[in-house]
Amino acid sequence: MEHLKLIAIFNAVLKHGSMNAAAQHLNMTASAVSQHIQKLEKHYQIKLLNRTTRSLAPTEEGRILWQYAQRLADLAAQTEQAMQNLRAEPAGDVRITLPDGYVQTPVIRQTIALLREHYPSIRLILIEDNRLSDLHADYSPDIAIRAVPEPDDDRLIARPLAHWPTMICASPDYLSHHPIATPQDLSQAHWLNFQDSVLLDTLKQLGLPKVLPPNRTDCLNHSVTARELVRVGLGLAVLLAGDVAPYIADGSLVQVLPHHPLPVRTIYAVTAYRGQSAKIRVVLETLSQCFAAQ
């Protein structure tokens, strides 16, 4: 990096025509500029400038170096402009990982619709993946949406989007054959279990033994599978309110024991860095807007 700095100073001297003019442009003293040119000549072991009290001109070797110095200066300027454009122009691909089934939720559909309407130059790449991917790896997602405790990786930035309560859900048909009036009735129910910790935390909150019920079907890490099996009357599941809102509204799912509060989960948008390009920034803002509205 120090050597590139010397070349940049050499380019400034020839571009501005003198040590003094270059020094003013670089916010340096003329003597410091002269010392840097001497370091560059020492490095290459060739004379780069012919200097007199009245004039300054590159040697033949200096003219060759100047050609490359100008290219480096142009490339640096283009790089700076490209990085500024990334922050200023919301355009390009944005990769988002989200839990299984979240694409079907109203909040994500609304996010997609708003981005399409207001930022048509942004192309979303949605990846359903229940793992919290390494956001620092090559080809990693730009944003991960997760309903998990705040990540303990200091390199990750977790932005809360919403606080969704969990709820026990069943179909009206299932409840007509297996009515549930008290938490104790849950011991006789059949469970559709997509995550052990979620089910165990729910049982604990209700004052029941924190033991996985023997009457259950495991569909681990697939909440959509659990939800759909519940909808066709095959048992109960603990689901997030935001995930099941449309089905509660249309009557295909019913909240069981609605007067018993259950654990609340925070939905996060996780990124690798706090500072973001314009495209990622507007996606984060739109996600926050849509989750807040719901």
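**Salt bridges and cysteines in a predicted model**

By the rule that a salt bridge is a side-chain nitrogen of Lys or Arg within 4 Å of a carboxyl oxygen of Asp or Glu, the count comes to 7 salt bridges. This is a predicted model, in which local features need pLDDT of at least 70 and side-chain atom pairs count only at pLDDT 80 or more, while totals for chains, interfaces and linings use all residues. Residues are numbered from 1 along each chain as its sequence is written, and side-chain values use heavy atoms, with hydrogens and water left out.

User: Why is the contact of E60 with R63 called a salt bridge?

Analyst: The closest N and O atoms of E60 and R63 are 2.5 Å apart. The limit is 4 Å, so the pair qualifies. Both residues lie in helix α4 (residues 60–88), 3 residues apart, about one turn of the helix. Helices (H or I, at least four residues) and strands (E, at least two) are DSSP runs, numbered from the N terminus.

User: What makes E60 and R63 buried, exposed or partly exposed?

Analyst: Buried means under 20% relative accessible area, exposed over 50%, and partly exposed in between (1.4 Å probe, protein chains only). E60 has 47% and R63 has 40%, so both are partly exposed.

User: How do you know that R123 and D93 form a salt bridge, and which parts of the chain does the pair link?

Analyst: Their closest N and O atoms are 3.0 Å apart, which means that the pair meets the cut-off. The pair links distant parts of the chain, 30 residues apart: R123 is in strand β4 (residues 122–128) and D93 in strand β3 (residues 92–98). R123, at 48% relative accessibility, is partly exposed, as is D93 at 34%.

User: What makes E228 and R231 a salt bridge, and which residues are linked with them in a network?

Analyst: The closest N and O atoms of E228 and R231 are 3.3 Å apart, so this pair also falls within the limit. Both lie in helix α8 (residues 223–231), 3 residues apart. R227, E228 and R231 are linked in a network of salt bridges.

User: How do you know how many disulfides the structure holds?

Analyst: A disulfide is a pair of cysteine sulfur atoms within 2.5 Å, and the structure holds 0 of them. For C169, the nearest cysteine sulfur is that of C219, 14 Å away.

User: Why are C169 and C219 called buried?

Analyst: C169 has 0% relative accessibility and C219 has a relative accessible area of 10%. Both values are under the limit, so both cysteines count as buried.
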